[in-house]
Amino acid sequence: MPFANTLRTVRLALKSLLLHKLRSGLTMLGIVFGVFSVIAMLAIGEGASAQAQAQVLALGATNIIVLTVKPPPDSQQNSSGGGRRGFVVPQYGLLRSDYDLLTSTLPTISGAVRMRELVSEVRYLQRTLNCRLVGTTTEYAEMNHLQLLRGRFLSDQDEADMANVCVIGAETASTLFPLEDPLGQIIQVRTHRYTIIGVMRSRTASAAIGGSLSGQDFNKDVYIPLSTFRVRVGDIVFTRLSGTFSAEQVELSQITLKVRDMKDVVATSEVVKESLSRTHGAKSDFDVIVPLELLRQADQIRHIFNIVLGSIAAISLVVGGIGIMNIMLATVTERTREIGIRRALGARQRDIIHQFLTETIVLAGSGGLIGILLGLSTPLAFQGLKVIVQNFVLEQESGNSQMSKMFTEMEPRIAWWSLPVAFGISVGIGVIFGLYPARSAAKMDPIEALRHE
Amino acid sequence: MHAARLIDLTKFYFLGDNIVRALRGVSADFPMGDFVAIMGSSGSGKSTLLNLLGALDRPTGGQYILAGYDVGTLNDDDLSEIRNRLIGFIFQSYNLIPQYTVLENIQVPLHYRSNRRTIGSTEINRCLDLAERVGLAERLDHRPFQLSGGQQQRVAIARALVNDPEIILADEPTGNLDSVTEKEIMDLLTALNREGRTIILVTHETSVARRARHQIVMKDGLIHSEGMLITDGEK
Ligand SMILES: Nc1ncnc2c1ncn2[C@@H]1O[C@H](COP(=O)(O)OP(=O)(O)OP(=O)(O)O)[C@@H](O)[C@H]1O
Ligand SMILES: [Mg+2]
């Protein structure tokens with residue numbers, strides 16, 4: 001059918017629909033909200049996954065992270081390390097030899113960095129802050145996408161010299177040195193002093209996905225050379241907890257491996273797991289995290305999320321369709337005489353079907369368009385929702401919890417493909433639910449229809 | 001040349017065990033350019049006959065030949081096409097489409113033409129001419145409820161003419177109108193007949209029937225009498 005004719009049919013359909021503005025409007029609502037919820041839910045799902053994705057990517061898609069984990073208490077009994085008269089200091093975690101083993105045996109990696117960390121109080125004059133003291137080498141900054149604000153990062157020379165120097169995170173800097181220039185100042189960590197040689201740029205915290213990595217906040221870090229850490233702090237760390245001492249011996253907290261090629265990441269991680277299991281035996285004191293796999297998991301979760309939300313939206317669309325069908329059946333009865341007139345003037349059955357189907361499609365399609373417009377306002381509406389939730393629902397303390405952080409940092413993202421799909425679905429619903437009323441209109445006997453009051 | 005021929009036409013309605021014999025064997029010839037008034041008491045089968053003539057229905061028995069087609073053998077789509085191309089309907093209750101304007105109502109049969117469905121300037125001009133002819137050139141944008149009965153019937157006449165049909169069928173076209181308007185409508189139909197159009201109308205009024213060239217009187221589903229039963233004195 002030529003375009004001009006279709007246009008005319010649509011125009012005449014609009015005319016019939018506008019005859020009952022309120023009714024047509026109310027009939028459309030089902031589709032409007034159906035389409036709106038499809039787009040809004042997909043936008044929120046997309047936003048959440050983009051957020052997760054960004055966090056995982058911050059860990060480095062080609063990285064393999066090997067972590068020291070404290071083994072469950074019962075398995076610590078038979079693990080002995082450098083003892084001190086009378087009681088045994090439990091030893092666990094990654095070893096310096098592990099690092100040597102991995103870097104010398106894995107051909108697929110392009111870089112590796114090891115580090116030892118400890119939460120300690122950092123002091124400058126009267127000001128103190130609980131920081132993460134990190135002993136590491138010069139590759140650490142690049143590996144974790146950290147950027148320098150001022151000064152320089154740790155160098156190989158620092159490592160060789162076991163220099164008493166440190167580089168501090170943005171929050172460490174702003175807390176300890178609200179007014180002064182931190183460069184060249186000396187801070188005290190535990191019993192040792194370090195000269196500040198660099199300050200890092202502020203950076204958003206990375207993922208806490210799957211519970212395997214706590215969200216890392218690099219802003220509260222203090223970096224010192226790994227060799228300095230070893231001589232100043234040592235492997236054995238004593239902690240005083242409610243009056244009793246406890247001690248543990250850990251050589252390395254983390255080894256991060258950078259794989260040269262994305263496609264080798266998973267295979268390499270398998271090799272890492274295997275060779276470490278061989279040296280560590282039954283002691284489950286390490287964990288291998290592959291951000292790429294986390295990314296896949298996040299993708300899977302998003303997929304499930306989309307299916308669930310999609311079904312909910314589909315139900316509301318079907319309900320909307322039934323509403324349209326109901327009204328169209330009423331319309332057909334009400335316009336029996338008009339149908340008779342058209343048949344007398346030469347309309348074939350399929351012309352009548354065409355006419356009523358066009359009306360239903362225009363109704364459903366306009367509902368779809370309005371729904372899309374509403375859907376496009378999702379990010380704005382979500383902003384409003386955030387304000388309400390933050391001010392009236394979240395309590396002060398819980399305002400900093402992981403969940404609320406995720407919520408406040410989430411930005412819904414319109415999935416652009418969902419717009420034509422949603423429109424197509426609403427038109428499809430018009431066709432499906434309009435067919436029966438249209439057919440019943442076409443089947444009427446012209447003479448009886450003409451006689452209808 | 002005949003516009004329409006009826007040969008022993010019957011129409012029965014089957015209602016359960018009852019059979020309503022609305023037409024019991026009607027034979028008639030309507031030559032081109034004829035002007036016939038069908039009369040008869042209520043229930044005698046006038047509307048049934050007119051509906052058959054208009055190809056709105058198929059006969060139970062007998063033959064109806066319209067412009068060479070045996071209407072009884074045609075399918076639904078063919079009947080629609082014949083109605084659209086060969087027949088112009090005028091109803092007692094005007095039967096305009098309420099949501100359409102005068103101009104749009106006149107255009108409706110154009111939408112259902114089998115050959116050319118686009119409406120171009122030729123078609124629009126034709127509609128405008130027809131509207132002018134029935135005296136509604138000033139009211140093209142009015143909707144039916146804004147018009148008087150006589151005006152609505154004029155729109156219906158213009159609509160009936162838009163596809164240039166062979167036969168105009170009218171079922172009590174002035175049944176709802178006063179005598180002045182009745183005369184105006186009948187003047188229009190008479191003028192159309194003078195141009196050569198075949199007109200068959202059903203009426204109860206002798207004042208209407210006498211404007212036709214001849215009359216057919218129906219009784220109990222049969223033609224009771226026909227001929228120049230009432231003559232128009234003024235003519
Ligand atoms: N669809 C139908 N089903 C059953 N019977 C019908 C049907 N249509 C018409 N009839 C019957 O056929 C007969 C003729 O009806 P028709 O409508 O032709 O009468 P009419 O001459 O036009 O009467 P009126 O002057 O009142 O309009 C009547 O007895 C009527 O009851
Ligand atoms: Mg009748």
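By class, how many nonpolar, polar and charged residues does the shell around ligand 1 have? The model is predicted, with local features requiring pLDDT of at least 70 and side-chain atom pairs pLDDT 80 or more, while totals for chains, interfaces and linings use all residues. Side-chain values use heavy atoms, without hydrogens or water, residues are numbered from 1 along each chain as its sequence is written, and chains are lettered from A and ligands numbered from 1 in the order in which they are written.

Ligand 1 is located between chains A and B. It is surrounded by 15 residues (a heavy atom within 4 Å), of which the closest are S42(B), G43(B), K46(B), S47(B) and T48(B). The shell has four nonpolar, eight polar and three charged residues; Ala, Val, Leu, Ile, Met, Phe, Trp, Tyr, Cys and Pro count as nonpolar, Asp, Glu, Lys and Arg as charged, and the others, Gly among them, as polar. In chain B, β1 (2–15), β2 (18–31) and α1 (46–53) each contribute at least two shell residues, and α1(B) provides the largest share, three residues. These elements are DSSP runs (helices H or I, at least four residues; strands E, at least two), numbered from the N terminus.

Polar contacts are pairs of N or O atoms within 3.5 Å. A backbone N or O atom of G43(B) lies 2.9 Å from an oxygen atom of ligand 1, and a polar side-chain atom of H204(B) lies 3.1 Å from an oxygen atom of the ligand. From chain A, a polar side-chain atom of R451(A) is placed 3.5 Å from a nitrogen atom of ligand 1. The protein covers 70% of the 640 Å² of accessible area that ligand 1 has on its own (Shrake-Rupley method, 1.4 Å probe).

Conventions
Polar contact = N/O pair within 3.5 Å; in protein donor to acceptor, adjacent residues only side chain to side chain.
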